[in-house]
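Let's take a look at a protein model together. Have the sequence and the 3D view ready as you read.

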Amino acid sequence: MTARLVLLVDDHELVRIGVKTTYADLNGEAIDWIEASALEDAIRIYGERNDIEAVLLDLNLADCKGLQGLRMFLEAHPKARVAVFSGTQDEFVIRQARALGAVGYVAKGALAAQMRDTLNALLWPHGLPGSHAIGSTATAFPRMPPSAMYDRVSELGPRHLEILELVLSGCTNQEISNSTQLSLGTVKNYVSSLLLALDVRSRSHLISLFR
């Protein structure tokens, strides 16, 4: 039986053991879990192999925090099929992950059926074997109610999303400039365009909407 290769990136060994044990096979096919405990290792391992079909990526690792890890992984491997594996179920984080290019999102506290659905969408994007149904990445994300604000966020580009994440973290324009290596004037322009795109009056108004 040919195994399907999935890269599991999580810095907690017990979590990795639990996932590997619970999902040793799926739909009659074995899953071969390749492990990484840090983002740097995950990026290297994926680059060294051409047979990894999907990636399950934790958002909080020792060498990165939050959506920065997803952004960095996809910058290094833009064609990778990455699903976020996270302890948070925050709607903004989920929508942001999708906008950045994740093809799925599953919370660590999710029911087994939800994890199974995410893995199915990752490994069988065009539908399960023997099924006439067409797969969709929509099934790999939690269902969320419509929201005009979050819909606007999903239309932002990667750089705007990065700036937005830093603004919501409480960073000043100067701190954002230092973090992104953009000039202070460029950061101010990005922040101004964010306020305009999201139809908010001020930085504080923007932050209040996501609390």
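Here is a short tour, from the overall picture to the core and then to a pair of helices.

## The big picture

Keep in mind that this is a predicted model. The protein is built with 10 helices and six strands. It has 211 residues, and 46% of them count as buried.

Now think about who touches whom along the chain. Take the contacts with a separation of 6 or more: 66% of these come from residues 24 or more positions apart.

## Inside the core

The largest nonpolar core has 51 residues. Within that core, L7, L57, L70 and F73 have the most contacts. Let's zoom in on L7: leaving out residues up to four places away in sequence, L7 touches I34, E35, A36, A42, I45, Y46, I52, A54, V55, L56 and F73.

There's also another core, lying apart from the largest one. This one has 18 residues, including V6, L26, W33 and A83.

## Two helices side by side

Next, find helix α4 (residues 91-100) and helix α7 (residues 158-168). Their axes come within 10 Å and cross at roughly 155°. An angle over 145 degrees counts as roughly antiparallel, so α4 is roughly antiparallel to α7. The crossing of α4 past α7 is left-handed.

Which residues make the contact? On α4 they are F92, Q96, A99 and L100, while α7 brings in P158, L161, L164, E165 and L168. Sorted by class, that contact of α4 with α7 has seven nonpolar residues, one polar and one charged.

Definitions and conventions:
Residues numbered from 1 in each chain as written. Predicted model: local features only at pLDDT ≥ 70, side-chain atom pairs only at ≥ 80, totals over all residues. Heavy atoms only, no water. Axes fitted to C-alpha atoms, helices over the stretch in contact; angles between N-to-C directions. Helix = DSSP H or I, 4+ residues; strand = E, 2+ residues; numbered from the N terminus. Parallel < 35°, antiparallel > 145°, perpendicular 65-115°, else oblique. Left-handed = near helix turned anticlockwise from the far one by under 90°. Contact = heavy atoms within 4.5 Å. Nonpolar A, V, L, I, M, F, W, Y, C, P; charged D, E, K, R; others polar. Core = buried A, V, L, I, M, F, W, Y, C linked by side-chain atoms within 4.5 Å. Buried < 20%, exposed > 50% of the residue type's maximum accessible area, 1.4 Å probe, protein only.
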